[in-house]
Amino acid sequence: MSEPILSIKDLKVNYGGIEAVKGISFDVEEGSIVTLIGANGAGKSSTLRTIAGLVKPAAGSIVFRGDDITGYDTNVIVRKGITLVPEGRRIFPDLTVQENLRVGAYLRSDDISGDFQWVYDLFPRLKERTWQAGGTLSGGEQQMLAVARALMSKPKLIMMDEPSLGLAPLVVRGIFDIIREINAQGVTVLLIEQNANMALKVADYAYVLETGRIGLSGTGKELLTNDDVKKAYLGS
Amino acid sequence: MSFLQNSLPYILAGISVGGQYALIAIGYTMVYGILRLINFAHGDVFMAAGMFMVFLSASMPLGAAIPLVLLLTVLLGFLIERAAYKPLRSAPRMSVMISAIGVSYLIQNCALYFTGGLAKVYPQLPWLSDTVTVFGAVTKRVTLITPVLTILLVIGLSLFIKHTKVGIAMRAVSKDFETARLMGIKVNSVISATFIIGSLLAAVGSLLYFTNYASVTPTSGGMPGLKCFVAAVFGGIGSIPGAVIGAFIIGICENIIKGLGWTTFSDAFTFALLIIILLVKPTGLFGEKATDKV
């Protein structure tokens, strides 16, 4: 087995006086799609936000490609190749599609024209809307923009916080196709979702987060057929 | 012709004062845009630039004093943000505003200490202070230079914000701190850049403004500061073109009122305008519709 690209050990995160994450450990293999599923308030978002450096952990370690990045500033973490597509898309509404993408490449000083081409190939819809303000896009297009913007930093690991939230089923399917596509092009994906059914289908490996702790884990297929998971998260 | 000769000086003065107000008002509006903070100390930074000029020009040639004035004013603006606003980044907005009021009085009282409370004679800037005649109207050259310089600086600033990486980052930060951080933007550096630009423009404004006056006092920043704040609100606070247009309107109206012989009411007009705009269109001419961030 190869060295994991991301390794979380005994991570604890306090959030507003509450211990949101109570000591979790998990690994993300390079080139895989890993998902964390769990109910509201299970600590999924807090985990991603801590990895991205938006929140400082109370304890534990985060190792990315052999470097301990625990407690680093977000700009350092982005530079190392981790990006987070935040919950609720959070595109910059006043900036055009193109400017949103340029901000995504903020830390890069090399030529980004190839990356524009790359994300426009992935999302032809965005190319049509290059000069439109981000706020005028539909929900699905905004989600595409949020993903494309994250890709502009040329990440090795892309983390996505509930990319399917509030989108129509057909659009959600499109988003998951893109996640597969991005992964096939060599970007490792760490995904958190309430839509456990979709997430498990796309994931190589999955962890179930329950009130700040990891309960089950296994391959996507294993968890899809697991009775407890079915009862709690798949609604059947 | 006599009408033109009588009214032209006032209109010219109005355009000129409007340009000076615009340079100050941009500082208010940019800081508000990014921090949602009304920087009450901004008028005093403008006054401090005047004081720097008084003291520096006494000991060195103007060619050296002017760049140094710009530099010191920028440094002052930068230090104010780092010392008085940055530590309060996650505090309620009211705390930051009170801190700004504190800084305002601190600067005024420092100036009081250094000047001993006496009005300091502002140096005559050669060329700018020279008198020129336009269509029979006699005025100082600064009156003609100000609007041109203001427009050039505003165009430069707009291009900077529209096209450069830092400019786009500023717009991103003004909408959403956290997502801007996720892009790798150092939010504090962008905020510092905003204060640096605002202070630089205020320093340029102060050079032009005080050339029309005999002296600087520790409270010289108060009235122009307030008026520029009104200009920023009038134009829609947060909007740079709004602040510029608001400043020109206020400058021109004030001077027309003076020209009509109602000099005593010219300040009252500005503040009446503030009340009316707050009642009728609180977001100003070009203000954002949603004023609070999500």
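In chain B, 75% of the contacts with a separation of 6 or more come from residues 24 or more positions apart. The model is predicted, and that applies to everything that follows.

Stay with chain B for a moment. It has eleven helices and four strands. Its radius of gyration is 19 Å, close to the 19 Å that the globule rule gives for 294 residues, so chain B is as compact as a globular protein of that length. Taken along the principal axes, its C-alpha atoms fill a box of roughly 60 × 45 × 35 Å. Buried residues account for 47% of the 294.

Now turn to chain A. Here there are ten helices and ten strands. The radius of gyration is 17 Å, close to the 18 Å of the globule rule for 236 residues, so chain A too is as compact as a globular protein of its length. The C-alpha trace spans about 45 × 40 × 40 Å along its principal axes. Of the 236 residues, 45% are buried. Take the contacts in chain A between residues at least 6 apart in sequence: 66% of them join residues at least 24 apart.

How far can chain A be trusted? Its mean pLDDT is 92, and 99% of its residues reach 70 or more. Confidence is highest in strand β6 of chain A (residues 82-85), at 97. It is lowest in helix α10 of chain A (residues 227-234), at a mean of 80.

Which strands of chain A build it, and in what order? Four strands form an open sheet, ordered β2-β1-β4-β5, with antiparallel pairing. Its edges are β2 (18-28) and β5 (67-68) of chain A, and each of these pairs on one side only.

Look at β4 of chain A, residues 59-64. Five bridges join β1(A) to β4(A), and the two run antiparallel. Within that pairing, A:S7 stands opposite A:V63 in β4(A). Strand β4(A) is also joined to β5(A), by two bridges, and again the strands run antiparallel. A:F64 stands opposite A:D67 in β5(A).

Helix α1 of chain A, residues 44-51, lies across β1 (6-15), β2 and β4 of chain A. It runs at about 115° to β1(A).

Finally, bring the two chains together.

Technical notes: Residues numbered from 1 in each chain as written. Chains lettered and ligands numbered in written order. Predicted model: local features only at pLDDT ≥ 70, side-chain atom pairs only at ≥ 80, totals over all residues. Pairing = 2+ DSSP bridges. Contact = placed C-beta atoms within 7 Å. Axes fitted to C-alpha atoms, helices over the stretch in contact; angles between N-to-C directions. Rg over C-alpha atoms; globule rule 2.2 N^0.38 Å. Buried ≥ 20, exposed ≤ 12 C-beta atoms within 10 Å, placed from the backbone. pLDDT = per-residue confidence, 0-100.
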